[in-house]
Amino acid sequence: MKPGTSLNSRLVFSHLLVSLVSIIMISVFAGSAIFNAAIKDVENNLEDLAYSTSNALELPLYQYSMGQNDLPTINNILNRLLSKHPDVNYTLYKPDGTPILDNSGVLPAPATQNNDPEIWNALQSDLGEADQVRTGANGERMFFVAVRIQRENDLVAVLRLNTPLSSTFLAARNALGLLALVGLLVALSVSLFGWILATNISGPIQNLTKTAERLAGGDMSARVTPSGPQELHRLAEVFNTMAGRLQDHVDELRAFVANASHELRTPLTVVKLRTEALRNGAMEEPVVAEQFLEEIESEVDRLGRMVNDLLDLSRMEAGLISKKRSLINMGTIATEVYETFSSRAARAGLKLILDIEPDLPMMMGNEDQLRRVLYNFVDNAIKFTPRDGEIDVYLRSGRKGKTVRVLVKDTGPGITTEDLPHIFERFYRVEATRPRYGTTKGSGLGMAIAKSIVENHGGKIGVSSQVGKGSTFWAEIPTHT
């Protein structure tokens with residue numbers, strides 16, 4: 001088996017792939033949410049700090065604009081207010097964008113729309129506030145917040161606070177890394193679960209495959225132990241049932257071949273022996289020669305009937321017989337069969353009686369095939385019924401007129417309990433308990449053919465018997481098939 005092509009590998013890989021794709025998608029959305037939340041948190045905190053600081057500077061800056069205060073005093077106020085925020089930088093601008101204070105001690109260039117957009121946005125905004133994320137003078141990503149400072153309606157200054165985002169992004173990255181680690185653990189757990197599930201599924205399938213290979217190799221006793229999920233457990237049970245039926249069919253086929261060989265060998269042996277006798281001088285004796293020729297002719301006829309029956313039975317079991325159906329009267333067929341066998345029954349010293357129920361329902365069926373069923377029943381009864389016996393042929397309606405029952409009852413020797421289940425098998429013979437009283441030899445396939453015809457019509461066939469009292473063969477056939 002090629003690597004990576006097994007069901008187990010595919011199931012594990014599919015679980016791992018699904019989990020990884022899911023984790024990556026979750027990480028992307030979660031990472032974006034984490035970074036956005038971190039920036040939003042910085043924004044809120046810095047805005048709150050800017051407003052509180054601007055409120056504290058309103059009066060000192062107003063006094064400064066009136067010449068009543070100085071910048072060192074205002075710088076001391078700013079340092080005191082922002083002492084707990086060492087990562088926050090500040091710059092104080094006049095309303096025209098000229099810087100007057102910066103915590104670095106070095107004043108930046110005057111604010112312009114291009115270099116310091118947050119200053120001008122705060123001056124123009126109705127809220128008096130603006131924020132911006134951009135790269136600072138040192139090349140680091142910074143968050144800027146600018147707020148107007150005014151005393152009543154007098155604009156006195158603009159305060160800008162900024163803080164680097166590196167620490168914020170570092171915390172977000174740490175959270176994202178923890179999320180990725182948890183995701184990896186989840187992926188490994190899902191893969192482990194997938195491996196267990198795959199083993200639970202692929203194991204029974206592999207056992208089923210190995211058992212099927214044994215069966216294909218000729219080991220008819222091979223069976224699989226049901227295991228795994230309910231569906232695979234059921235599949236194993238069905239497989240064992242199929243294997244059992246296959247073994248039965250193989251055994252039946254072997255028995256059929258053995259029986260067919262035996263049945264064919266007997267007439268061929270007779271023909272060969274009689275032919276050799278004729279070649280060795282029997283031709284010189286007219287009476288003997290005529291007898292041998294009659295025997296050869298009889299055995300050849302028997303071989304012909306046997307071959308025809310075998311062909312018919314094979315076609316029936318393969319579903320190749322005619323499915324043509326027409327409306328027929330089973331009583332008419334029974335009458336024709338009765339007339340066919342009347343003379344033969346009389347010569348054998350038997351009483352043949354036909355009893356047809358009045359108003360028997362018409363039925364859909366194949367006339368030739370159903371005639372053959374009744375023919376085989378009566379022919380079989382004549383063969384195994386001794387002189388002075390009686391054969392009764394009954395036709396009855398059954399099941400509220402939805403079926404027609406055919407019964408042929410004889411007063412022959414009967415059939416033992418051990419033989420009854422095998423009566424409709426091909427070539428099965430019970431001569432030890434049922435001696436033949438007729439002179440005609442059959443093919444041993446008559447009852448098997450009758451069974452196939454009845455079943456192809458959707459009916460049932462059977463036999464009941466008592467040793468010493470006779471047998472009754474019956475068939476129940478639906479009126480519509």
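At 31% relative accessibility, Asp355 is classed as partly exposed, a term for values between buried (under 20% relative accessible area) and exposed (over 50%), with a 1.4 Å probe and protein chains only. In this predicted model, local features need pLDDT of at least 70 and side-chain atom pairs count only at pLDDT 80 or more, whereas totals for chains, interfaces and linings use all residues. Residues are numbered from 1 along each chain as its sequence is written, and side-chain values use heavy atoms, with hydrogens and water left out.

Asp355 pairs with Arg396 in a salt bridge whose closest N and O atoms are 3.0 Å apart, the term requiring a side-chain nitrogen of Lys or Arg within 4 Å of a carboxyl oxygen of Asp or Glu. The pair links distant parts of the chain, with Asp355 in strand E7 (residues 351-356) and Arg396 in strand E9 (residues 390-398), 41 residues apart; strands are DSSP runs of at least two residues (E) and helices of at least four (H or I), numbered from the N terminus. Arg396, at 25% relative accessibility, is also partly exposed.

## Salt bridges within helices

The whole structure holds 17 salt bridges. In helix H8, Lys383 and Asp379 form one at 3.1 Å, N to O; they are separated by about one helical turn because they lie four residues apart, and both are buried.

In helix H9, Glu455 and Lys451 are likewise four residues apart, about one turn, and their closest N and O atoms are 2.8 Å apart in a salt bridge. Glu455 is partly exposed at 42%, as is Lys451 at 29%.
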